[in-house]
Amino acid sequence: MTAADTVRDLPAPAKGCPECGARFGVEAAFCPFCGIALVASTWDKALDPLIGVIVDDRYEVIEPLGEGGMGTVYKVRHVTLNRMFALKVLRRDLADDPALSQRFIQEARATAAIKHPSVVSINDFGVLPDGIPYFVMELLVGETLSGRLRGRGPVPPGEAIAIAKRIAEGLSASHAANVIHRDLKPENVFLVGGSELRIVDFGAAKIIGASKLTRPGVVFGTPYYMSPEQASGQPIDARADVYSLGVLLFEMLTGRVPFEADTYMGVLTKHIFTAPPKPSERVAPGTMLGPLEAIVIRALEKDPAARYASMDELAKALDAAARSLPAPAPVPANRTVPLPRPAGGGVAPAPFSTADRIAQSVTKRVAEEASRKRRLFGTVAVAAAITTVVGAGVVSAVTRRPQDPAAPPAPPPPASTPVASTPVASVTP
């Protein structure tokens with residue numbers, strides 16, 4: 001459970017087991033210890049005894065962020081660095097088993113050894129004064145994949161491939177460190193923005209399975225992502241995580257898990273014996289999966305030998321699917337010109353969309369600007385013509401020779417007798 005899935009109002013919603021009293025996150029369906037359906041419960045965070053406590057003189061507990069089957073996660077502040085972290089404390093009833101407490105710390109060390117950007121970073125671990133182990137990890141801000149699916153429904157194929165590929169790469173690094181997740185589900189995949197994600201809660205199922213409080217091979221919380229060999233209590237390896245990622249990919253594409261039932265054992269039985277449905281039978285109409293469907297079906301094979309042998313092999317198949325995935329259908333352009341109303345009645349055109357109004361406004365503005373420029377150009381042309389005419393008149397008036405207005409005009413000279421020209425003084429304006 002993460003901060004994104006926790007309601008901060010008090011008391012917080014949760015689920016509890018009516019038989020053993022264990023509390024779980026809102027996404028859990030069955031109690032792993034008793035195998036019965038959980039019921040609605042509440043969790044009053046204000047009553048948590050660790051609020052305000054400084055753990056190991058380093059981490060001041062600010063508030064609880066969530067509670068699940070393994071323990072409680074708190075927001076803490078490092079008093080020296082003044083930085084925020086998340087601190088996870090093992091449940092008190094599980095901490096009564098000394099061997100389990102030691103396994104919790106060993107698993108924290110193993111997870112800290114995984115160096116990959118898609119794996120949550122563990123920075124510290126220790127023991128509280130009452131002997132309960134804890135570990136400190138980076139404080140994540142964003143939403144879980146579960147929250148993404150609940151809020152916006154199925155994930156488009158291209159985006160689903162990108163998410164699954166990053167998960168496969170992170171789990172490949174964990175398998176190289178000999179850590180099998182065993183509890184991969186949407187609540188344990190944290191989307192931190194952009195193309196980044198973090199896988200959290202490594203090894204929790206392995207720890208629970210080692211305790212006398214649970215049946216062998218049973219994972220706390222939900223059985224919907226459990227491999228057949230894990231559901232039947234058989235030894236598992238990295239291919240169990242391949243199966244769980246196949247279930248996760250199926251749910252991203254369709255919005256539903258492949259197997260559902262009313263009881264805990266009903267879900268496990270379907271994982272063991274029932275063939276999964278094809279994702280194409282459950283996706284939205286028009287969704288093209290291409291080779292992605294074959295990848296999901298192979299990852300969900302009952303026999304581990306028939307699945308992808310490793311996360312690296314699965315990641316390569318996802319890469320190939322991304323390159324060959326059909327391009328999404330083009331979105332038709334918005335109408336920008338109103339349709340004429342048919343003469344004599346008929347069906348009226350559809351009302352303007354927002355894009356229509358914007359386009360019409362832009363067209364009107366452009367036309368007004370062009371008209372303004374034309375008017376300005378005409379005004380300038382007329383002014384220039386007037387200036388030219390007036391200037392020509394002034395020049396003509398100044399350069400013309402003055403005459404006596406009382407003297408009659410001189411007659412023209414006879415054509416046969418040339419008249420010598422008389423010098424006339426020039427007039428300078």
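Trainee: Of the 429 residues of the chain, what percentage count as buried?

Mentor: Keep in mind that this is a predicted model. Buried here means under 20% relative accessible area. With that cut-off applied to the 429 residues, the buried share comes to 42%.

Trainee: And how many of the residues in strand S7 are buried?

Mentor: S7 covers residues 83–90, so going by the under 20% cut-off we check 8 residues. The strand is mostly covered, and the buried count is 6 of 8.

Trainee: Which strand is joined to S7 by 8 bridges?

Mentor: Look for a partner running antiparallel to S7. The two strands form a hairpin with 4 residues between them, and Asn 82 in that turn has a positive phi of about 55°.

Trainee: What about S9: how many bridges join S7 to it?

Mentor: S9 spans residues 133–138 and also runs antiparallel to S7. Lys 88 stands opposite Phe 135 in S9. The bridges joining S7 to S9 number 5.

Trainee: Zooming out, what share of the contacts with a separation of 6 or more comes from residues 24 or more positions apart?

Mentor: The chain holds 11 helices and 12 strands. Counting its contacts with a separation of 6 or more, the part from residues 24 or more positions apart is 59%.

Conventions
Residues are numbered from 1 along each chain as its sequence is written. This is a predicted model: local features need pLDDT of at least 70, side-chain atom pairs count only at pLDDT 80 or more; totals for chains, interfaces and linings use all residues. Side-chain values use heavy atoms; hydrogens and water are left out. Buried means under 20% relative accessible area, exposed over 50%, partly exposed in between (1.4 Å probe, protein chains only). Two strands pair if DSSP finds at least two bridges between them. Contact means heavy atoms within 4.5 Å.
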